[in-house]
Amino acid sequence: MEPDIITVGLDGSPESLAAAQWAADEADRRQSVLRLLHAWILLAAEAADTPPERDQNAAARQLVRRAADEVRERHPHLQIIEDLVGSEAEPALLRAAGESLMVVLGSRALGTWESYVLGDVSLNVVGRAEGPVVLVRAAERAKTPRHASADGTPPAPDPRVVVGVGLNGPCDRMIGFAFDAAASRGLPLQAVHGRPLPVQAYTPWGIDPDAATELTKEAEIELRDALRPWCERFPGVLVQETVLPESPTRALVQTVFGAELLVVGRRRHRPLLAPRVGPVAHAAIHHVTCPVAVVPHD
């Protein structure tokens, strides 16, 4: 059986080089093939004996070669495919998504205004790809101490994979991806579910604690039932279930700190005029600093 392919999209930016390194680590972990893909609409057919000074594709080749050289420094035995495509980036990446285990792209942080009004290639690919898309930031975060430091900085949680689980429809493909990611890394999995309190839970003096407790217990039972088949399939993965009486977006933001990977879902079939990427995935893409995997599901 041929190995799976993990494709990373390159554009020469620091973000795409960070994505290449993350994808290489993942390919090495899974014994997969790494494809370094650069799409350039001006790619020209060149004869084999074309002098370097007349090679119109020299810059594109150099971009891919630089990424391959950096990857090979850390993974000298990894099988790498250097792929130049004469196409716009978005259709090339969407085709790759149909052929790959996952597509990995660089992602830049956007300001509050930009994040809601600007679209880019990464966001469009996330919203249309048939397979998982992982978005990676360029800069490594400073290591937060595992124990409280002298200046009072709180310790970071232990490394883990976090998955945001909605319980209003099937999301087995996303949950399966998260369990597989945790198992391949030897990390625990934290499953987070946020459920806003109903209007009747609010009183003039605050939140009715009984109503909040009842809602949380109901959600915990539903979450446990949704995860049970996957816990049986991945018995080696330690699972932590977290239910918060918050919106799903706020629940993830409160719990994702210190995670090595966040997994969120995207429903393939959404209302005609609705955005292709829902609010939880959209917030994660633009505001979460760890790598974010967006997994399409029914």
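Which strands does α9 lie across, and at about what angle does α9 run to β11? Helix α9 lies across β5, β11 and β12, and its angle to β11 is about 145°. Axes are lines fitted to C-alpha atoms, for helices over the stretch in contact (heavy atoms within 4.5 Å). Angles run from 0 to 180 degrees between N-to-C directions. Helices (H or I, at least four residues) and strands (E, at least two) are DSSP runs, numbered from the N terminus.

The model is predicted: local features need pLDDT of at least 70, side-chain atom pairs count only at pLDDT 80 or more, and totals for chains, interfaces and linings use all residues. Residues are numbered from 1 along each chain as its sequence is written, and side-chain values use heavy atoms, with hydrogens and water left out.

The open sheet has 10 strands in the order β3-β2-β1-β4-β5-β12-β11-β6-β7-β10, with mixed pairing. Two strands pair if DSSP finds at least two bridges between them. β3 (80-85) and β10 (239-244) are the edge strands. The twist averages 25° from one strand to the next. β2 (residues 33-39) pairs with β3 in the parallel sense over six bridges. H38 has L84 in β3 as its bridge partner.

Two aromatic pairs are present (ring centres of Phe, Tyr or Trp, its six-membered ring, within 6.5 Å). F179 and W230 are stacked (planes under 30 degrees apart), at 6.5 Å centre to centre and 25° between the planes. F179 lies in α6 (residues 172-185) and W230 in α7 (residues 209-233), so the pair ties together parts 51 residues apart in sequence.

Methods. Phe/Tyr/Trp six-rings, centres within 6.5 Å; stacked < 30°, edge-to-face > 60°.
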